[in-house]
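Please load the model in your viewer and keep the sequence panel open beside it.

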Amino acid sequence: MIPRSRRRSISAAIAGAAVVGTSLFMVAPAQAAASDPVPNSVPAWASAPNDAGAAPADTSVEGEVYLPLRNEAGATALATAVSTPGSPQYRRGIAPNVWIDRFAPTRQDVSQVVSYLQSKGLTITAVPASRQYVVFRGPASVVATTINAPLHTYRHNGKKLIAPASTPTLPADIASKVSGLSVDQARLETRPDLIQQGSSTNASAPSQSLSSGAATSSGINAQCSTYDGQHTATVPAAYGQTVVHTFNCGYIPSQLRSAYGVDTLAAHGVQGQGQTVAIIDAYASPTILQDANTYAASHGDPQLTNATFQQIAPAPSSFTDEAACQYPSGWQGEETLDVESAHAIAPGARILYVGGTNCGGGLDVAMSKILDNKLATIVSNSYGDVGEDLPISSIQGEVNLQLQAAGEGIGLYFSSGDSGDESLNLATPQPDFPASSPWVTAVGGTSMGIGADGHKTFETGWGDVLDRIVSTNGVESYTAPLPGNLFGGGAGGGASTYFAEPSYQYGVVPSSLSKGKRVSPDLAALADPYTGFSIGIRPIVDDATLASGGYVTETYGGTSLASPITAALMAIVQQTTSTQIGFANPTLYAVDRVAPYAFNDVTAPASPIALAYTSAYSGHDYLVTLNQDESLKNAPGYDDITGLGSVSFAALTSVGRHR
């Protein structure tokens, strides 16, 4: 996403912001009365060429200590058995208290870690019931003393982030209880995967980079369409045509239900009743219930009530790291999109929103609240890191939470990202984590046309490249060779740097893509902002007070839209098949092996699809060419933009009924 909060100078704010993420790794056996190093706790970007000097001593730093599972192999075996068709334990997840009793770190070990951190003057901000980690906070000078390593500021990805300048150490008796430690700001790079028309996903590009500038026009003046083909525009010759359809104003709930095949069910009262879709984001919108109900009323949909909506959100006074995390205003659109799109697909399902105090350890805490109490069996997560640009230790700590979810029969759905292969941001292609984990269902993106009758007119992989149209002496032309030179966002995906290819992908994912690694995404749904979804929101106008403005409608896209659409469809599938699907990937790929036609195989169109777009901000005109997702390509069968294919109720019902 390029949120409203990017109107601020985020790069400058991050330099003085509070810090860190999480890590996990194995440490050597402790030596009595000694200090042991904590390996893998310094990120790769914390190097001498990037060093910008010592971190200010009084900077508030968040840290996270992970403790190892008592039986990681057993937890992995359980997660596999519960999720794999044919297993005697298939779809028989265990209760949270049983999982915790069997696999969680001991109370004594956690108590020792907490006591040590407190003895150093640090504040403990969270310890989940599963006891898998301890979140703490304190001044940089105190944190540095605690981990016996100086903290420096480093230039990375266009920002300034804090990290240890040398390998931390802990007293041997504490190190023996710890599997991971992180006090770097990599986790605060987590961002919502949401994007608006006219925005760029290049982290180094300014906000609204495609829409800024003087209010000039080439004369195209494309009018948005409420359905595909409602309006057309005359453009300079492109792909053998001079008349193209215009961009979408934003689809509405009834159009989504029709396109995804649940409109007839909804008309007969089957709308996800009895199911809970949990949504996790940072912070919380102060107007979410009012916005969602105003929006629902305008489209004739049921209101959210105390029975169908609950929000477990931190008090604004507990929000932290707001500048680094893109502020509450930067996440408000995300929560609104998630809630309103899930409610659009499954109006009868219960929606549970759980907010984090920040975009780092706060998201772990939000996840643990759901897992430790099994508050839902479907969890949509529309956020991700910039690629897999985290220490291996941090990634492993997150994987342990995912093992808990799978063992309990809970399905985690993660957006695959909005920056394509991330090469614009990181110089090298890589997928975004957590979507790249083999223990979550990664949801990629498509561009979709919905016609006047509510049916799909086209669907292709999401990847937008824009070419500005200019007028010279009354003659319109493009500013660059087609398709253009402005990347407007595309679904994330590709082969993981860290994770080996999971067995469920064997024989389905081409070896030319995997090369022995996990490839994401697994499925795909609507994500293109130029064929996006309309939401209703009262935008936050002051992040300090959370004061909001008047109600407006905006058009959003991103894999942040694809993830809640998929989660909501899963809720209807669970209702109609009387199943608890849990971690879906082994079943998804098993269904594809026996019935590949079950999924809509999204491939490249026979000839390029292009839309005319006129920016509401600047009046600039563009041709948007679809299915241009950097190095990621659509192909017959599995591909790294849309996975097995696009979701539909019929396809996912095959998953629900598979045994």
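**The whole chain**

Select the entire protein chain: among its contacts (heavy atoms within 4.5 Å) between residues at least 6 apart in sequence, 79% join residues at least 24 apart. This is a predicted model, in which local features need pLDDT of at least 70 and side-chain atom pairs count only at pLDDT 80 or more, while totals for chains, interfaces and linings use all residues. Residues are numbered from 1 along each chain as its sequence is written, and side-chain values use heavy atoms, with hydrogens and water left out.

With the chain still selected, colour by burial: buried residues (under 20% relative accessible area, with exposed over 50% and partly exposed in between, 1.4 Å probe, protein chains only) make up 63% of the 659 residues.

**The disulfides**

Next, show the cysteine side chains, where two disulfides (pairs of cysteine sulfur atoms within 2.5 Å) are found.

Select Cys-224 and Cys-249, which are joined with an S to S distance of 2.1 Å, and whose link is right-handed, with 95° about the S-S bond. Cys-224 is partly exposed at 26% relative accessible area, and Cys-249 is likewise partly exposed, at 22%.

Then move to Cys-325 and Cys-359, again joined at 2.1 Å from S to S; the torsion about their S-S bond is about -80°, so this disulfide is left-handed. Both Cys-325 and Cys-359 are buried.

Finally, display both links together: with bonded cysteines counted along the chain, their pattern is 1-2, 3-4.
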